[in-house]
Amino acid sequence: MEPDTTRSPSGRGFWEQRYRDEDPSGPPPAPNPAFTALAGELSLVPPPSEGSRALELACGRGGDALWLAAAGWRVTAVDIAEHALSALAERARRAGLGDRLDVERHDLARSVPAPGSRDLVYANYFHTVVDLDRGAALRRAARSVADGGVFAVIDHGSSAPWSWEQRDDHPSAEDLWRSLGLGAGWTLLVCEGRSRLARGPHGGTATVVDTVVAARRRAGGGERA
Ligand SMILES: C[S@@+](CC[C@H](N)C(=O)[O-])C[C@H]1O[C@@H](n2cnc3c(N)ncnc32)[C@H](O)[C@@H]1O
């Protein structure tokens, strides 16, 4: 079925509809295994310090933000969809993580949270139904990574059979890294496609590919917020 993007040029209508029935009293969303593996590899869990701050872009139901907050991070989770954010805030409150997880609604094509100094800025599957200069949005957000902090993006590198988007032209990790345009001032830590076995929302499994890019800001490097 073609997604209905007609109600909002930003695609917000599609996402609000998708999260409309989100029930914060239901089981919490699981974190993305590709993200938890990356966090382990980069020694991000436990967080580098007591006050470590993370920013998640396009958090959706917020499984990754909840997981990081439970591990001790202070997380700001951003999405365009109010339905997703209000359910996530309520889930965080019920899990006793309300003081560790804030939500902010932004259309990332237009705005990002106020500048700050963050030890981790990341986006997992920030894919949408309308044309968006995603590279520019991600670059804007990367400006708030602190010296020594990490910027990470995980994209779909294949279409799972249950995905709303079926395509066979997924950009490579190298394409993704180039599209970010971060350049000098960053040390590239991970840039690769990774396969894993995934379970669909209604059962069934399939091998999927995640495109994973992570970079660390060098001291004094890169453009600032
Ligand atoms: C494919 S979902 C991924 C959600 C979550 N990160 C995950 O891994 O499950 C894409 C998310 O991007 C959000 N999104 C789409 N366009 C956006 C925009 N312009 N600004 C902020 N969030 C946006 C959607 O609301 C949706 O939650």
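For Ile 80, I found a backbone N or O atom 3.2 Å from a nitrogen atom of the ligand, and for Leu 108 a backbone N or O atom 2.8 Å from a ligand nitrogen. Taken alone the ligand exposes 590 Å², of which the protein buries 89%, with areas from the Shrake-Rupley method and a 1.4 Å probe.

Basis. I note that this is a predicted model, in which local features need pLDDT of at least 70 and side-chain atom pairs count only at pLDDT 80 or more, while totals for chains, interfaces and linings use all residues. Residues are numbered from 1 along each chain as its sequence is written, and side-chain values use heavy atoms, with hydrogens and water left out.

Shell. I listed 16 residues around the ligand (a heavy atom within 4 Å), of which Tyr 19, Ala 58, Asp 79, Asp 107 and Asn 124 come nearest. By class, the shell has eight nonpolar, five polar and three charged residues, with Tyr counted as nonpolar and Gly as polar.

A pocket is an open set of points on a 1 Å grid over the protein atoms alone, where a 1.4 Å probe fits, with protein on both sides within 12 Å along at least five of seven lines; lining residues have an atom within 4 Å of a point. Of its 50 lining residues, Arg 18, Tyr 19, Arg 61, Tyr 125 and His 156 are the closest to the centre.

Backbone. I found Ala 58 in the loop between E1 and H3, with a positive phi near 60 degrees. The peptide bond from Val 45 to Pro 46 is cis, with omega near 0 degrees. Most residues other than glycine have a negative phi, and most peptide bonds are trans.

Note on methods. Polar contact = N/O pair within 3.5 Å; in protein donor to acceptor, adjacent residues only side chain to side chain. Helix = DSSP H or I, 4+ residues; strand = E, 2+ residues; numbered from the N terminus.
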